[in-house]
Amino acid sequence: MIIEFLIRLIADFAVVPIALLAAWALLWKVPKGHRFEAYSRVLMAGLTAYMLAKFVAVIYQPSTMRPFELLGVNPGALYLNNPGFPSDHALFVTVLVCAVWFETRMKKLTIVLICLALLVCIGRVLAQVHTPLDVIGSVSIALVGALWYSNVPRKQEVRTRGKSHPKHA
């Protein structure tokens, strides 16, 4: 009973702290002059990942039944009534982790978010609502969406006479 509760907690509700921490970082740690560009990249990365996931789901479904259906048991977490590939939970948390890393470069927070995202992915598999392929596919698709961040400058630079110098605070 306790194990099932912990699996449900990890599989479903670990998404909440990820979303709250990502919202905090993106709202208060992105520099004011760069928020429009940052939020535009986050939106485009998320929409790209979501649309790509839906296209892939139409083209490729490894199974029409979820693991709990194949085993004839009750699901250990919430799920949508679809075959399950790719995992929406894994896609969402991976998109948020990428957004926080690429837009804020907050290493410690990103490590915490990665650990929580891994817990969500593992929890979805342990709850038997997804296979490992479902969550690996979602993470891969979200990383493709993260290509929108390829033009994010790593440090703010000041241009003088054609040369770039790091900006000193």
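Which residues have the most contacts inside the largest nonpolar core? I started my notebook there, keeping in mind that this is a predicted model.

**Entry 1: the core.** I found 24 residues in the largest nonpolar core. Ile-18, Leu-26, Val-93, Val-100, Leu-113, Val-120 and Tyr-149 have the most contacts inside it. I then looked up which elements give two or more residues to this core, and they are helix H2 (15-28), H3, H5 and helix H6 (107-126). H5 gives the most, with 6 residues.

**Entry 2: Val-120.** Setting aside its neighbours within four places in sequence, I see Val-120 in contact with Ile-10, Ala-11, Ala-14, Val-15, Ile-18, His-89 and Val-93.

Entry 3: Next I checked the second largest pocket, which has a volume of about 160 Å³. Its lining consists of Val-42, Leu-43, Gly-46, Ala-49, Tyr-50, Leu-91, Phe-92, Val-95, Leu-96 and Ala-99. Helix H3 (35-59) and helix H5 (88-104) are the elements that give two or more residues to this lining. I sorted the lining residues by type: 9 are nonpolar, 1 is polar and none is charged.

**Entry 4: aromatic pairs.** I counted 3 aromatic pairs in the structure. One of them joins Tyr-60 and Phe-85 edge-to-face, at 5.4 Å centre to centre and with 90 degrees between the planes. Tyr-60 sits in the loop between H3 and helix H4 (67-71) and Phe-85 in the loop between H4 and H5, so this pair ties together parts 25 residues apart in sequence. Are the two partners buried or exposed? Tyr-60 is partly exposed, at 41% relative accessibility, whereas Phe-85 is buried, at 9% relative accessible area.

Key. Residues numbered from 1 in each chain as written. Predicted model: local features only at pLDDT ≥ 70, side-chain atom pairs only at ≥ 80, totals over all residues. Heavy atoms only, no water. 1 Å grid on protein atoms, 1.4 Å probe; cavity = no way out; pocket = protein on both sides within 12 Å on 5 of 7 lines; lining within 4 Å. Points joined across faces, edges and corners; volume = space filled by probe spheres on them. Helix = DSSP H or I, 4+ residues; strand = E, 2+ residues; numbered from the N terminus. Nonpolar A, V, L, I, M, F, W, Y, C, P; charged D, E, K, R; others polar. Phe/Tyr/Trp six-rings, centres within 6.5 Å; stacked < 30°, edge-to-face > 60°. Buried < 20%, exposed > 50% of the residue type's maximum accessible area, 1.4 Å probe, protein only. Core = buried A, V, L, I, M, F, W, Y, C linked by side-chain atoms within 4.5 Å. Contact = heavy atoms within 4.5 Å.
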